Amino acid sequence: MLHLLILAAGLGRRFGGDKQRAPVGPGGAWILDYTIADALASGFESVVCVVRPEIEAAVRRHIEARFGGRIRLALAEQTLERALPPGSSPPPDRLRPWGTAHAVLCAEPFIDGPFAVANADDLYGPWALGALADALRGGAPGWALVAYPLGETLSPHGAVNRGLCRVGEGDVLQAVEEVEAIRADGSGRLSGSRKGYPVALRRDDWISMNLWGLDPTVFPVLRAAFEAFVRGLGSGDDELALPDVIGTAVTRGHARVRALREGRGWVGMTHPADRDRVAQALAERGEPLG
């Protein structure tokens, strides 16, 4: 059985609200409805949503109302206390979730086979889910990542952060590094920053939009990384990102990831003004069908 794991516990600070539940599609559809519909069409049977406890009931009602018994649905709560190392406790002033690596770790009890990881607020397109399903069913060793051309994932309304991929022979991922504040200048040239240093970018650079194909062997990797992160935590607002954990495993030779260059047609909401563009794209698709 193929599982689709949707990360829907974020706070949406730059967007200014709970964007994973924004009714931007026909009939009040959420972006994640289209990801679920595309996954069903590609052969996924199980959906696991990682949510904050306060939105769990609303997310369950929404998905069950739209997809009924066509999927096996589970919801995993991401709380600050879940999956902490023994003897650890959250900083008393911490409000933010621990990050996307921890979110995936929270879903471990519901995952017993290969699975895709997707953000709730990204519309990846049916091609991406289809390619990922084929890769997960293929049984080839290692994990997978659907890569997108950077130029197709920008916002005209502000800067974005993206995982810049270095891909080697045989489409094997060699590294993925977070680049922040990516934007185009007046002449269309792209730039961003990595670890505080400026980075020149090209529109055809391959980037990660957090659409991964994994299996349960990732959970020990995530657990070890999260335990080290919590024990070495400096700022109370730091987060542990899934691409950082997988990227570290790749560069150390502990993981093999195939880059599937099938990403196209992405839309998503980073800034409030992105909503109109997403609504237009969803209107062109019509209501999501399960």
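This is a predicted model: local features need pLDDT of at least 70, side-chain atom pairs count only at pLDDT 80 or more; totals for chains, interfaces and linings use all residues.
User: OK, at what angle do H1 and H7 pack?
Analyst: Helix H1 (residues 31-42) and helix H7 (residues 275-285) pack at about 40 degrees with their axes 11 Å apart; axes are lines fitted to C-alpha atoms, for helices over the stretch in contact, and angles run from 0 to 180 degrees between N-to-C directions. H1 is therefore oblique to H7, given that angles under 35 degrees count as roughly parallel, over 145 as roughly antiparallel, 65 to 115 as roughly perpendicular and the rest as oblique.

User: And which residues make that contact?
Analyst: Ile31, Tyr34 and Asp38 of H1 and Val278, Leu282 and Arg285 of H7 make the contact, where contact means heavy atoms within 4.5 Å.

User: How does H1 pack with H2?
Analyst: H1 and helix H2 (residues 56-67) pack at an angle of about 45 degrees, and their axes are 11 Å apart, so H1 and H2 are oblique to each other. On the H1 side Leu32, Asp33, Ile36, Ala37 and Leu40 meet His62, Ile63, Arg66 and Phe67 of H2.

User: Switching to H5 and H6, what is the angle there?
Analyst: Helix H5 (residues 218-231) packs with H6 at about 110 degrees, with axes 10 Å apart, which means that H5 is roughly perpendicular to H6. Val221, Leu222 and Ala225 in H5 meet Leu242, Val245 and Ala249 in H6.

User: Now the largest pocket: how much space lies in it?
Analyst: About 1700 Å³ lies in the largest pocket, a pocket being, on a 1 Å grid over the protein atoms alone, an open set of points where a 1.4 Å probe fits, with protein on both sides within 12 Å along at least five of seven lines.

User: Which residues are closest to its centre?
Analyst: Of the 50 residues lining the largest pocket (those with an atom within 4 Å of a point), Thr100, Asn161, Glu178, Glu239 and Ala241 are the closest to its centre.

User: Which elements supply the lining?
Analyst: Among those that each supply at least two residues of the lining of the largest pocket are helix H3 (100-106), strand E8 (173-184) and helix H6 (242-251).

Notes:
Residues are numbered from 1 along each chain as its sequence is written. Side-chain values use heavy atoms; hydrogens and water are left out. Helices (H or I, at least four residues) and strands (E, at least two) are DSSP runs, numbered from the N terminus. Grid points are joined across faces, edges and corners, and a volume is the space filled by probe spheres set on the points.
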